Amino acid sequence: MLWRIVRFITTIVRWAHEIFKCRMDARDHIRHDVASLYRFVETICAFCATDSEYPAYLEASRKFLSYIEELGKTTKDHLASFPDKLPANPTDYKIYRQELVTLRSAWFELHKRVKPSADADMLRLPAPSSAFDLRAS
Amino acid sequence: MKGASVMPSTDSRSRYLVLALASRSLIKSLLVYVDEGHADAQLEASLNDVTESLRASKDVNRLFGPIPTESPFRNYEQVMILEEAEEALNVGDIGDKLSHALRNSPDRETRRRSVEDAVEFFYALENRALHHYNREMGARDI
């Protein structure tokens, strides 16, 4: 009889351990996804710094890059607190995890537009130097 | 509306992504509604928009389906995915469930149960939109 009770308790403890392990695994995966997306957003934002005087941009590009920089800050803040907002029930994780995929896709689209804008500073565009020449003449 | 394949284009890819983002925004608003107990006007309007789009796509008297607008649920690709998600979920009349999702009950558990199907529906919608978005990305690279 005692042997059966011990076996029952051991089985329960093992199950509890497995459930806890699965939950931790799922949390770790989400944390990994969050970290990866954070780095991706940070890489894109590195192109968007408009504080310094060089490189100089036309007004439209400057506004666009500032906007992306601001969006990046908000996204990074959101991602930093993301693991704390996970629900207690691991079966709901899938709903939260998919948000990371959507955000990554959105940032992927933005990334394609950021690089050409960041490259188009005033030294590389013909328009500002032409405007200067016209004003000088 | 079903079974048609369209050539991948930037426009249709954007529409899939817009649909995924709109679905995510609705999921978040619904979860806030469950926690806080009040729905913003935007959430109610968006749910009505989805319901109306589903209804219009099934209306046999309308030859061309819903008229495309600024809404993220009205374009051809978006309506197709709405129908796809509804079929896959198989929970009965989803339009009806969305219309009655916001009951403003004081009890959190009741609110959670009333939006459960809606959250599942928008999750499926986001999932499918992302799938089509990624598939078109692949098609473009070939």
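Buried here means under 20% relative accessible area, exposed over 50%, and partly exposed in between (1.4 Å probe, protein chains only). This is a predicted model, where local features need pLDDT of at least 70, side-chain atom pairs count only at pLDDT 80 or more, and totals for chains, interfaces and linings use all residues. Residues are numbered from 1 along each chain as its sequence is written, chains are lettered from A and ligands numbered from 1 in the order in which they are written, and side-chain values use heavy atoms, with hydrogens and water left out.

**View 1. Helix α2 of chain B and its buried residues.**
Helices are DSSP runs (H or I, at least four residues), numbered from the N terminus. The buried set in α2(B) includes Leu43(B), Leu47(B), Val50(B) and Leu54(B), and also Asp49(B) and Ser53(B).

**View 2. Ser29(B) in helix α1.**
Ser29(B) sits in α1 of chain B, residues 10–36. Is Ser29(B) buried or exposed? Its relative accessible area is 18%, so it counts as buried. Leaving aside residues up to four places away in sequence, Ser29(B) touches Asp40(B) and Leu43(B), a contact being heavy atoms within 4.5 Å.

**View 3. Asn75(B) in a loop.**
Look between α2 (41–58) and α3 (76–89) of chain B to find Asn75(B). At 15% relative accessible area, this Asn75(B) is buried too. Ser53(B) is 22 residues away along the chain, with 9.4 Å between the two C-alpha atoms.

**View 4. Where chain A meets chain B.**
The contact draws 14 residues from chain A and 18 residues from chain B. Together the chains bury about 1,400 Å², 56% of it on carbon and sulfur atoms; buried area is the accessible area (1.4 Å probe) that two parts lose on being put together, summed over both. Ile95(A), Gln98(A) and Thr102(A) supply 41% of what chain A buries against chain B, more than any other three residues.

**View 5. Salt bridges across the interface.**
How many salt bridges does the rule find between chain A and chain B? Four, each a side-chain nitrogen of Lys or Arg within 4 Å of a carboxyl oxygen of Asp or Glu. Arg24(B) pairs with Glu99(A) in a salt bridge, the closest N and O atoms being 4.0 Å apart. On the chain A side, helix α3 (residues 93–119) gives the largest share, 13 residues.

Conventions: Helix = DSSP H or I, 4+ residues; strand = E, 2+ residues; numbered from the N terminus.
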